[in-house]
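Morning, everyone. I have one structure to show today. Please take a look before I start.

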Amino acid sequence: DAFMSSITPKLLKPGDKIMLVAPARFASPDAIKDAASAVLAAGFTPVIPPELDARYHQFAGSDSHRAHHLNSAFLDQSIRAVFALRGGYGSGRLLPLLDSSAYIADPTWIIGFSDITALHSWSTNLGISSLHAPVASTLSSTLPSDIDAIWSILRGEFEINSKVKVTGGNLSVLYSLLGTPYFPNVSESYLFLEDIDEYLYHIDRMFLAFKLAGVFENAEGLIVGTFSDLRDNTISDGQTVDNPFGLDLREIISSYVPSDYSVKYDNPMGHGERNYPLVLG
């Protein structure tokens with residue numbers, strides 16, 4: 001049974017190692033230092049892999065360099081979690097390079113959100129839970145109680161509801177995985193979605209694609225997180241003429257999901273001050 005097979009990585013004990021990783025955008029030495037301090041303050045041991053501050057265009061080094069950091073963490077049984085420094089764009093480029101056998105043999109917590117959705121989807125399809133939570137660079141702008149909850153979940157201080165399975169993450173990233181082996185298996189799961197800085201008609205196009213691909217029929221329902229800074233085809237949003245799309249987020253969603261579908265709105269996860277951690281898978 002696909003539902004029963006989801007494995008939760010080992011819970012963390014005080015002093016356990018958490019590797020800082022940069023699977024997408026490059027990270028500055030200051031960002032690395034701040035993240036290491038946050039891990040230390042939470043009672044864990046930060047691990048900084050070699051050349052974590054590498055840069056290749058907007059990426060934190062080449063695809064193989066970034067993938068190597070993740071794979072080295074998956075192979076090292078003393079490292080219990082990988083904590084993404086930044087999102088942005090680039091995690092999806094690593095998917096064919098990841099060592100799934102090392103990850104399955106001894107699952108490591110993957111912590112992050114936004115572009116890190118690509119890694120969460122990969123993990124979901126391997127039957128392993130992961131943690132949708134702030135990336136290190138957003139800790140300073142996230143509600144402190146939501147940050148505390150990250151460490152509490154990793155330590156096993158919350159009961160994880162095994163009856164409700166959730167998968168998903170960032171809508172734009174998931175859209176980029178449609179039709180690939182990396183799009184998460186949503187059957188028997190609620191699909192969680194959030195996004196930022198998108199035009200309403202882009203949101204509509206992505207929901208249309210999910211509908212045409214049968215995603216909503218396969219999932220149990222929808223959990224809608226924060227959709228921040230949505231834009232429209234208007235002069236106030238930088239266009240030369242006013243040509244508003246006309247439908248808001250709820251109207252877009254209701255035009256694509258079945259009429260009796262379970263849709264839960266206003267969940268405090270996404271690109272905002274609230275980004276409550278969510279165990280996926």
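Predicted model: local features only at pLDDT ≥ 70, side-chain atom pairs only at ≥ 80, totals over all residues.

Sheet first. Four strands form an open sheet, and their order is β6-β7-β8-β9. The pairing is parallel. In general, strands of a sheet pair through backbone hydrogen bonds. Now the edges. β6, residues 166-170, and β9, residues 262-264, each have a single partner strand, so one side of each is left without a neighbour in the sheet. From one strand to the next, the twist averages 20°.

Now look at β7 and β8. β8 covers residues 221-228, and six bridges link this strand to β7 in the parallel sense. Across β7 and β8 lies helix α7, residues 200-212. The helix runs at about 160° to β7.

What is the volume of the largest pocket? About 580 Å³. It is lined by 24 residues, and the closest to its centre are Ile160, Asn161, Ser162, Val164 and Val279. By type, that lining has 14 nonpolar, seven polar and three charged residues.

The second largest pocket has a volume of about 360 Å³. Here 19 residues form the lining, with Gly88, Tyr89, Asp115, Asn170 and Val173 closest to the centre. Two elements give two or more residues each: α6, residues 171-177, and β7, residues 190-196. The largest share, four residues, comes from α6. This lining divides into five nonpolar, nine polar and five charged residues.

That's my tour. Questions, please.

Methods
Residues numbered from 1 in each chain as written. Heavy atoms only, no water. 1 Å grid on protein atoms, 1.4 Å probe; cavity = no way out; pocket = protein on both sides within 12 Å on 5 of 7 lines; lining within 4 Å. Points joined across faces, edges and corners; volume = space filled by probe spheres on them. Nonpolar A, V, L, I, M, F, W, Y, C, P; charged D, E, K, R; others polar. Pairing = 2+ DSSP bridges. Axes fitted to C-alpha atoms, helices over the stretch in contact; angles between N-to-C directions. Contact = heavy atoms within 4.5 Å.
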